[in-house]
Amino acid sequence: MALGANSMRCGEFRTSYRQDSTIFPTPMSRNFAIAGVLLLMVSPVFLQPYHLNILIQIGYMGIAALGLNILVGFSGQISLGHAAFFGFGAFASAWINSSFGIPVILAIPLAGVLTTAVGMIVGIPAARIKGLYLAIATLAAQYILEDFFNRAVWFTGGSAGSLANPLSLFGYQMTTDTRYFYVVLAFVVVMYLLGTNLIRSRDGRALVALRDHYLSAEIMGINLTKYRILAFGISSFYAGVGGALFAHYLGYVSAESFTILLSIQFLGMIIIGGLGSIMGTLMGTAFMVLLPEVMEGGVGVIADFMPGIEQGLAYIKEMAIGLAIVLFLIFEPEGLAHRWQLTKAYWKLYPFSY
Amino acid sequence: MAEGRNDDVILAAEGLELAFGGVKALRDVTMSVSRGQVASIIGPNGAGKTSLLNCISGRYKPQRGRIRFDGRDVSGFKPNKRGALGLGRTFQNLALFNHMTVLDNIMVGRHHLLKNNFITGSVYWFTGAQREELDHRKEVEDIIDFLEITHIRKAKAGTLSYGLRKRVELARAVALKPKLLLLDEPMAGMNHEEKEDMARYILDLNEEWGLTVVMIEHDMGVVMDISHRVTVLDFGEKIAEGSPDDVMGNPRVMEAYLGEDTNAAAGDDNGRGTAAS
């Protein structure tokens with residue numbers, strides 16, 4: 001067997017199955033992750049609101065993208081309607097909070113549950129159809145939900161949009177970027193832990209089995225219909241929570257934010273990050289959120305030599321995203337996560353890589 | 001049919017008829033397997049062996065006939081339900097979950113025995129899901145140990161060699177804790193040594209683990225050596241059944257296999273030029 005990503009480091013001994021089934025392969029990698037979270041916790045001290053804003057975006061988009069990755073990457077189905085679920089979560093949270101007076105911190109997970117229900121209804125066709133046909137069915141869901149956002153005035157405020165109250169916790173209003181950053185960080189950590197656990201337990205394995213070989217999965221006792229629809233439900237839960245966080249961050253939700261373009265962007269995130277990789281999802285989201293910002297900076301520099309290029313900024317951003325997806329599909333179809341694995345494997349064996 | 005439960009017979013297929021359009025894959029096939037047996041199904045290519053196995057495991061729905069498994073009529077059950085009742089199987093063409101590790105592949109076999117779900121599994125540490133997973137891991141490791149695939153347990157199934165994949169498939173089916181194991185050509189494409197190993201595993205599973213085995217196999221040496229009972233199919237019909245020795249001496253079997261018109265047996269002579277060994 002080839003050495004590399006699978007081989008254990010020297011000095012690493014596992015003496016129990018518990019040690020062999022941890023989220024992070026080594027104590028070292030776990031400590032690094034904890035250190036990363038701690039670093040993020042102190043980061044508001046030295047980051048500007050602009051950077052925090054980007055981090056918050058990565059946070060709520062990352063949660064929604066994880067949902068899509070569970071659906072597309074892990075269970076092998078496809079959805080072109082993820083933005084609609086994201087939007088549904090946003091409206092639902094605002095609605096639950098303002099109509100029933102339920103505190104925002106509870107409204108967010110409740111919005112997730114509500115979105116789950118919608119997702120499972122949309123997922124019903126998945127029990128019967130696959131591949132491109134399913135993609136079209138979810139595309140229909142995207143448009144139906146968009147239309148619903150525009151018409152259901154009681155729920156979304158119609159074309160005027162609806163206001164989402166800020167999140168308040170222990171008497172603190174999470175209105176500033178710094179405060180809200182901690183909320184999003186907590187949600188990201190919790191949701192990513194939940195996602196990781198899901199994948200390493202029974203139902204997560206069932207989803208992956210479904211993706212790899214649905215016929216033998218069925219022989220192994222897995223109910224295909226149930227798990228296909230469940231995949232949509234779980235995926236929508238993450239989308240709903242992500243959307244709710246988005247709503248209470250902006251304070252205002254409008255139907256125009258949740259078009260098919262956003263759905264495609266979510267797909268781009270998980271493709272660039274790596275289908276079927278939890279950490280890859282976060283990497284891909286960061287990449288997709290940062291790319292336009294970096295472009296903006298880059299254009300700013302070039303503009304010194306080529307005046308007038310600022311006018312094309314919007315186009316350059318769009319083109320960069322398209323180009324990034326194409327380049328990834330060609331050179332790294334398994335995404336940033338795979339590249340990261342290769343890098344780690346390289347250093348594991350350095351300098352004797354053979 | 002009366003609910004007369006016969007504890008000796010674990011699997012009974014009665015009058016199975018399966019047709020794909022005009023092609024009759026199975027014609028009135030009846031067979032039964034007793035608990036603790038190793039039963040083999042043989043026959044030339046296209047005889048309907050895999051179709052029969054697919055009917056038993058639920059992939060195909062026969063147009064007529066019933067299947068009773070472990071005292072229950074399972075004819076209307078979907079494959080997943082039959083699996084959960086204790087009907088494990090392997091496939092002729094490998095059907096592993098290629099992107100999962102060997103360990104995860106085998107753990108999928110535990111699906112119907114595990115109780116944690118997407119909620120309790122997600123919160124892992126607080127609902128006993130972790131303990132449950134680890135308990136099952138222990139049992140799965142026994143299977144891995146038995147089939148001698150310890151060295152590859154963390155490898156992705158898709159990267160393994162053919163012989164090893166066959167073994168992993170067997171492990172996955174055994175993880176289901178089946179009462180009856182259906183093996184579709186477990187030794188196809190293996191070299192002599194691998195065949196011997198596989199025969200040993202099947203015998204051990206039968207004798208030590210107490211599994212009833214139904215297998216399709218082309219290697220006559222293996223079939224004759226390890227099976228208690230052999231069923232012969234040809235053109236969707238059962239042409240012989242009995243102990244290996246009986247079947248070997250049966251003129252219709254010889255005809256089906258060698259294509260000779262020895263005893264001018266059948267009335268239809270539409271060129272049964274099938275030869276297989």
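The legends below describe close-up views of a predicted model, in which local features need pLDDT of at least 70, side-chain atom pairs count only at pLDDT 80 or more, and totals for chains, interfaces and linings use all residues. Residues are numbered from 1 along each chain as its sequence is written, while chains are lettered from A and ligands numbered from 1 in the order in which they are written.

**View 1. The contact between chain A and chain B.** Counting two residues as in contact if their C-beta atoms, placed from the backbone, lie within 7 Å, the contact takes 28 residues from chain A and 36 residues from chain B. Helices are DSSP runs of H or I with at least four residues, strands are runs of E with at least two, and both are numbered from the N terminus. On the side of chain B that touches chain A, α5(B) gives the most, with 5 residues.

View 2. A residue is called buried if 20 or more other C-beta atoms, placed from the backbone, lie within 10 Å of its own. Because 6 of the 6 residues of β9(B), residues 229-234, are buried, this strand is largely enclosed by the rest of the structure. Arg229(B), Thr231(B) and Leu233(B) point one way from the strand, and Val230(B), Val232(B) and Asp234(B) point the other way.

**View 3. The strands beside β9(B).** Strands pair if DSSP finds at least two bridges between them. Strand β3(B), residues 38-42, runs parallel to β9(B) and is joined to it by 4 bridges, with Ile42(B) having Val232(B) as its bridge partner. Strand β10(B), residues 237-242, runs antiparallel to β9(B), with 5 bridges, and here Val232(B) stands opposite Ala240(B).

Methods: Buried ≥ 20, exposed ≤ 12 C-beta atoms within 10 Å, placed from the backbone.
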